[in-house]
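Reader: I have just opened this model and would like to learn how its terms are applied. Could you take me through a few of them?

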Amino acid sequence: MSVLRWGCGAGGLGRVLRSCGRRGLPAEEGTLGVGLGPRRSSSASPREQDLRKDWGHAELLEVLEARVRQLQAESVSEVTVNKVDVARLPESGGGGGSFQPPRKAQVGAKGAAPQPSGRWAEKLDKEKQTLQKRKQQLEMKLQVQAQRLSQKLKPKPLKMEPQLVRRQLADSLQCWAQGTPESPSEEQLAQALQKVPQKLSPKEEQALADREVEAQLTGQQQKLLAFFECCLLTDNLRLAHHVLVAHHGNPHKQQLLTLAMYNTIMLGWARQGSFKELVYVFIMVKDAGFSPDLLSYAAALQCMGRLDQHARTIQRCLEQMAQDGLQLQDLFTAVPLSEEERAALLRAIVKVQPTFSPPPRSPPQVNTSVLLREIYAKDGPVSYPKLHLPLKTLQGLFQQQLHMELTTSVYVESVEKAAVLTKEVMHARKTLKNLRVQWEAALHRALQETKASLARQAHKGRPTLYPFMCLLSEREFVQLLMQTLQALPAQGESLVCVAQELGRRAFSRHMVQKQQLNNQVQALEQRYTQYLHLLASDTQIGILKPHPAYMQLLATAAEPTLTFETVDVPMLCPPLPWTSPHSGAFLLSPTKLMRSVEGTTQHQQLLECCPPAELHGALDTLTQLGNCAWRVNGHVLDLVLELFRDKGCSRLGVPPPPSEAPRPPEGRLPRDTPPAQKAELRRELARCLKVAREMHSLRTDALYRLSLAQHLRHRIFWLPHNMDFRGRTYPCPPHFNHLGSDLARALLEFAEGRPLGPHGLDWLKIHLVNLTGLKKRESLRARLAFANEVMEDILDSADQPLAGRKWWMEADEPWQALACCMEIARAVRTPDPATYISHLPVHQDGSCNGLQHYAALGRDSVGAASVNLMPLDLPQDVYSGVAAQVEVFRRQDADQGLQVAQVLEGFINRKVVKQTVMTVVYGVTRYGGRLQIEKRLREFSDFPQDLLWEASNYLVRQVFNSLQEMFSSTRAIQHWLTESARLISQAGSAVEWVTPLGIPVIQPYHQEAKFMVKGGIQSITCSKAWDSSQKPNTQKQKNGFPPNFIHSLDSSHMMLTALHCYRKGLTFVSVHDCFWTHAADIAIMNQVCREQFVRLHSQPILQDLSAFLVKRFCSSPR
């Protein structure tokens, strides 16, 4: 760093020197004119003028010296010429003359060195002497300035000794700093423990209480704590201590410090065995008015255990700890320490109390929820499923996944149509390669300069990004930046999003490297091998936008590979089981248990405070969902790639290439073009650009998905899961999973197959009819009969998907329907269909799941019947029911002469109202519902476009009125939830609750806080709405509570179903309220699903919620 720092300083000095003007030097009287410019006036300061004058004199001196040498040479030439002329005169003139050559010619004739003579020469010598003196003075002045500048740029030594506020502590510190024999360092901590700070004023006590009680840190405090923690991770502990001392010595900045920050630095010194520095921090804790907590004493005792300190000092520490009301046993139960730290702590304690032994580790807690009692009961038969792979194979897959995560990147061959290697393509690739080399070198230099600058600022006591930039080497940061550039879309991306993604990737890579250095990989191998024995089949246990020229170069080069981060790709072995909020999913790469907006901390804090046993249900569900093994449906993939590499097919969800995007009008408009026509042209241009951007986004998404599918085509893989703040589960790999579109789901099938059995083929047929959307209000028997009627179309679709009658293309979910057609064709052509091994997932979807939960909560029998919660001969379709009710209202209004009702005749159907009905239970407003209905009405070519707003506004009112009649209790419950959230948020709190399975939930909606990020090119103003130090956003809190609460119930039902299905040996995955399993196991899953819904809603859910809200947010329960 010193080299970089000095290089930067020298460069700055050079720029200062080079900036001094060299034009307009004064022409001294009597000097020769040698092309120097005329004298110019200047507005520079006197100091700058003096400096320029000195420079002018120096340059003039150089010029004059050159002129002297020139005159000397001319003098020699002149003498020689005169000598020749003198010799020739008699011959040419024919007679003697009295001509005498000049003296200098005579001198020159003797061969002596010629010297300038005359008045001008004397003045030149005098001027030369004067300028030489000035040159010497200038050199001395510049040397002094350079020394001062170097002293200024030279970093000051990091300050270890704090500046204290309390006089008593300051005097003791001064005594200790002298290092007298009477005050050895091992006695310092004991004396510090006995020093009681002066009594605080009431104002100071209140301020300290506010700092201790405040659960959430402010943005500045979060940054400061993160700075200290990162310094520890990157071996910059002395720098962290220096910044802590600087803040502690500043009364204003000291208000930002918390006990956790002091403890962080103390723990770092304890790990290094640096006792003196630890004492400094301990004294600062006392000086700030804090009382040391368990972690403070654990750090001090751990340090003394490493250094084998005197028992007397340890004894005093333990006595003071007891006086503070802290229990010795809690050091081993309440403080998170590594095994090495526990051993050092124990060595210190045993030295004073030889008979002491740490408390035994508490046995694993068991979840006591009524809903999960059967899951964790040890009595009764259990048939947990095992993977279909043997132990040796799973161990090999583990090694492959481990290698992939250690390399942090995965290179996948693109499925884009390969470019012909023309001369132009080869030149473009060569140009890209050369440009990347130049860019990498430039980025490397910029990173070094930035780190040097940030280091200098940190040495001044300011927390900067310097330790964060030390997490990885410059080379690794450059690789990350180049990968980001490669993935940027042509239309650009938010600079904030890019920065967050870079930060996430850098942290992930650092954690992988940290685990390698700490030998945690070997420990992971041992634990994971034990876990595999449970699973194996053979065991019984701002916008950043790339330049268009760069995008054109990329398109021309058509590079054949794509680069993915390891966490963006499915795993090659079963994920790590979730055992805590910090451990699960990928082997080495860190994964959040609860995904949230980048920067939020309140969710993680709730999880940390939650008793571990309360999370068992959620953790085990995520583990079970991740243990489902998948494979790629190769038959469907081949067909999709054929369309993708041609021109795509928007109707089937295969995005076309950019070449198919609409072209904006070309050419210039005449000057006399009417304004209306110009406006229309601008709208058309905007539409073309919007469509082109959407097509590019969809095409890129499909390219990633299909390339990963091709990459994993002949492999088995797994999808690790986590959840959002409401408890809804999601697969971690974003590009290729079963939560995507119809096309994405059709590409996946279970890696482990199951025989169809006696009823599996019937469920495959029913599943196919469900995918077509043709018989939604028919019974299961009628759907099965319909499938048998169209069996020829099913077989034709399977045999000739792109050349036959293409029956499958008319389905609501065409690609999944095609995959099902192929599965049915293979099954019916098997001699015994019951023995056919099926890999196709079969779905069971909820009937407007949100309304089902509302109906159950409100015990609404009428509403329950319309969403299939009551036993009926035919399944009910709530969307068709709402459409029918809206049609009744429309007829009544049309009969009364309402024009919009008359125009809507024949246009009201299930599709028009479905989205609004589906989302009204999730908080959609009338405004949002109107937009949804308007979009559906636009799809009718014969509907009058000038009536779109009026018609959609009319229909959204009728949809809400219909739901009010059909679900009487739903609106009442929604109103109660909304009003409760309004009162809570207006009181200054974010809405919280606990799901029936024990997951703590908090809504992350707060007022926007704006902050500025200063950059070298531009400064960007960003806004964040997740800062918990800001006031809650009342509007979002009350609008979000009803849908989020229903989502939490939805996830609870799914988790209960997943755990019970796993207990019965079923393969189970879900897409929220859509449950998947093998065709042979549908009947069992249906039974479990219904039983767990009844069990869930047999609990007093609303009463429990009310009691929780009153206890949490009301000062005095009424």
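Author: Gladly! In E11, Glu-749 is the bridge partner of Arg-631. Before we go on, note that this is a predicted model, where local features need pLDDT of at least 70, side-chain atom pairs count only at pLDDT 80 or more, and totals for chains, interfaces and linings use all residues. Residues are numbered from 1 along each chain as its sequence is written, and side-chain values use heavy atoms, with hydrogens and water left out.

Reader: How do you know that strand E7 and E11 pair?

Author: Two strands pair if DSSP finds at least two bridges between them. Strand E7 (residues 629-632) and E11 have three bridges, so they pair, in the antiparallel sense. The names come from DSSP runs numbered from the N terminus: strands (E) have at least two residues and helices (H or I) at least four.

Reader: What makes E8 and E11 edge strands?

Author: They belong to an open sheet of three strands with the order E8-E7-E11 and antiparallel pairing. Strand E8 (717-718) and strand E11 (748-750) each pair on one side only.

Reader: Why is His-738 called buried?

Author: Buried means under 20% relative accessible area, exposed over 50%, and partly exposed in between (1.4 Å probe, protein chains only). His-738 has a relative accessible area of 0%, so it is buried. You will find His-738 in the loop between strand E10 (729-731) and helix H28 (742-746).

Reader: What does the side chain of His-738 reach at 3.3 Å, and what makes that a polar contact?

Author: The side chain of His-738 reaches the backbone oxygen of Ser-1070 at 3.3 Å. A polar contact is a pair of N or O atoms within 3.5 Å; within protein, one must be able to donate a hydrogen and the other to accept it, and residues adjacent in sequence count only if both atoms are side-chain atoms. The 3.3 Å falls within that cut-off. Ser-1070 also has a bridge partner, Phe-1075 in E20.

Reader: Is Ser-866 buried or exposed?

Author: Ser-866 has a relative accessible area of 13%, so it is buried. This residue, Ser-866, is in helix H34 (residues 861-866). A polar atom of the Ser-866 side chain lies 2.7 Å from the backbone oxygen of Gly-863.

Reader: Which residues does Ser-866 touch?

Author: Contact means heavy atoms within 4.5 Å. Leaving out residues up to four places away in sequence, Ser-866 touches Gln-876, Asp-877, Val-878, Met-966 and Phe-967.
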